[in-house]
Amino acid sequence: MKKLFALALVVLMVCSLAACASGSSAGSNAPGNINLFGTTAAENSNTNIGGNNTVVSGDSASLTKDSKNVYLLNTDDYSFLVENVKVDPDSYYIATMEVKAENKTEDKGVTFSIEDTTIDNIMAYGSYYKNLKGGDISSEDIEFSFPSLPDGLDYKAEDACSISFTFVALDDDYNQILKLPVTIYLKNEGLTKAYERKTLPTDKIIYNENGIKLTYIGLVDSYGLGEAFFCLENTGSFEAYASFTDTKINGKDADLYFSSTADPGTTAFSYIFIGDSALEEVGLKELSGVKELSFTLEITDYDSYEEIANEKITIEIK
């Protein structure tokens, strides 16, 4: 076991993080908050987030639009450096984060991953998984984007305020070296805009208990193929996982897939894709023939696997 040593840890912290539909104190599990644009008045602190072998650094004075250099992990054995974040409103990817991972050991392995990504408290794409052997160095770009967003949500990429994710480091035996929630502020520090949807005539709330609300938004026709959108809002205390089984179109079995997760205080937009094969499966040639969707809704606590709900749902398509 490595000898314990003391290193100065510098991290920008905030007392609370604005969340969609609710506000909560950051508490002892506060994320490492990084302001990459503009100036910040936040004071540096010497808070130990990850244990004796973890260095999280980020001098607020050095975090400017053209120069970012923040370690999420930096020990004698491993390091994970955020070198830059680029925002491009005209691109499919809202932001690109340049990272450099290094395994400084000779014979140990390490796995780094990024998961549970949100942009402005809306669940988003932006994952990373890298296994490094002894002596390996990896420089890559992590791209952040949304899945298709539904009607009723007024969102522009240039208005993006923050990116949040969980950074995880595991050793060869999958023992956790570090699990660090991180928020990168793209504009003003502490600003995590939570966007609200306008209520649409097609909205139908199909579940609203235990702090979890699942709303059917509507069926979008895209060149004869369909996306049935759903909004999963989580104001509860656990990570919610929603999925559909026994899916049917017009009462006939159809091979449709839906799953969505939402952390506490976040909103996720997901959809069922209805393609040619699904339509043919139930004897339809066009999306306009879809009059009813039915399925069994299952909601579980993503961490404990505890079942929260198991209900049969039928939605009339208007």
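The side chains of E98 and K86 meet in a salt bridge, with N and O 3.1 Å apart; the term covers a side-chain nitrogen of Lys or Arg within 4 Å of a carboxyl oxygen of Asp or Glu. E98 sits in strand β6 and K86 in strand β5, so the pair ties together parts that are twelve residues apart in sequence. Keep in mind that this is a predicted model, where local features need pLDDT of at least 70 and side-chain atom pairs count only at pLDDT 80 or more, while totals for chains, interfaces and linings use all residues. Residues are numbered from 1 along each chain as its sequence is written, and side-chain values use heavy atoms, leaving out hydrogens and water.

**Salt bridges**

- The structure holds four salt bridges, and the E98 and K86 pair is one of them.
- K86 counts as partly exposed, at 47% relative accessibility (buried is under 20% relative accessible area, exposed is over 50%, and partly exposed is in between, with a 1.4 Å probe and protein chains only).
- K108 pairs up with D77 in another salt bridge, with the closest N and O atoms 3.4 Å apart.
- That pair links distant parts of the chain, 31 residues apart: K108 is in the loop between β6 and β7 (110–119), and D77 is in the loop between β4 and β5.
- K108 is partly exposed, with a relative accessible area of 35%, whereas D77 counts as buried at 11% relative accessibility.

**The four-stranded sheet**

- Four strands make an open sheet in the order β4-β5-β6-β10, with antiparallel pairing.
- Its edge strands, each pairing on one side only, are β4 (70–74) and β10 (137–144).
- From one strand to the next, the twist averages 20° (axes are lines fitted to C-alpha atoms, for helices over the stretch in contact, and angles run from 0 to 180 degrees between N-to-C directions).
- Here strands are DSSP runs of E, at least two residues, and helices are runs of H or I, at least four, numbered from the N terminus; two strands pair if DSSP finds at least two bridges between them.
- β4 and β5 (residues 78–87) run antiparallel and are joined by four bridges, and they form a hairpin with three residues between them.
- Across that pairing, L73 stands opposite F80 in β5.
- β4 is mostly covered, as four of its five residues are buried.
- β6 (residues 95–103) and β10 pair in the antiparallel sense over eight bridges, and K100 has S139 in β10 as its bridge partner.

**Strands around β16**

- β16 (residues 240–249) is joined by eight bridges to β20 (residues 292–301), running antiparallel; T245 has T296 in β20 as its bridge partner.
- β16 also pairs in the antiparallel sense with β18 (residues 259–262) over four bridges, with A242 opposite S260 in β18.
- The hairpin of β16 and β17 has two residues between the strands, and N250 takes a positive phi near 55° there.
- In β17, D253 is the bridge partner of K248, and the two residues also form a salt bridge, with the closest N and O atoms 3.3 Å apart.
- D253 counts as exposed at 54% relative accessibility, while K248 counts as partly exposed at 25%.

**Nonpolar cores**

- The largest nonpolar core has 41 residues, and F80, M97, F112, I119, Y155, F165 and F167 touch the most other members (a core is a set of buried Ala, Val, Leu, Ile, Met, Phe, Trp, Tyr and Cys residues joined through side-chain atoms within 4.5 Å).
- A second, separate core of 35 residues includes L214, A240, F258 and L287.
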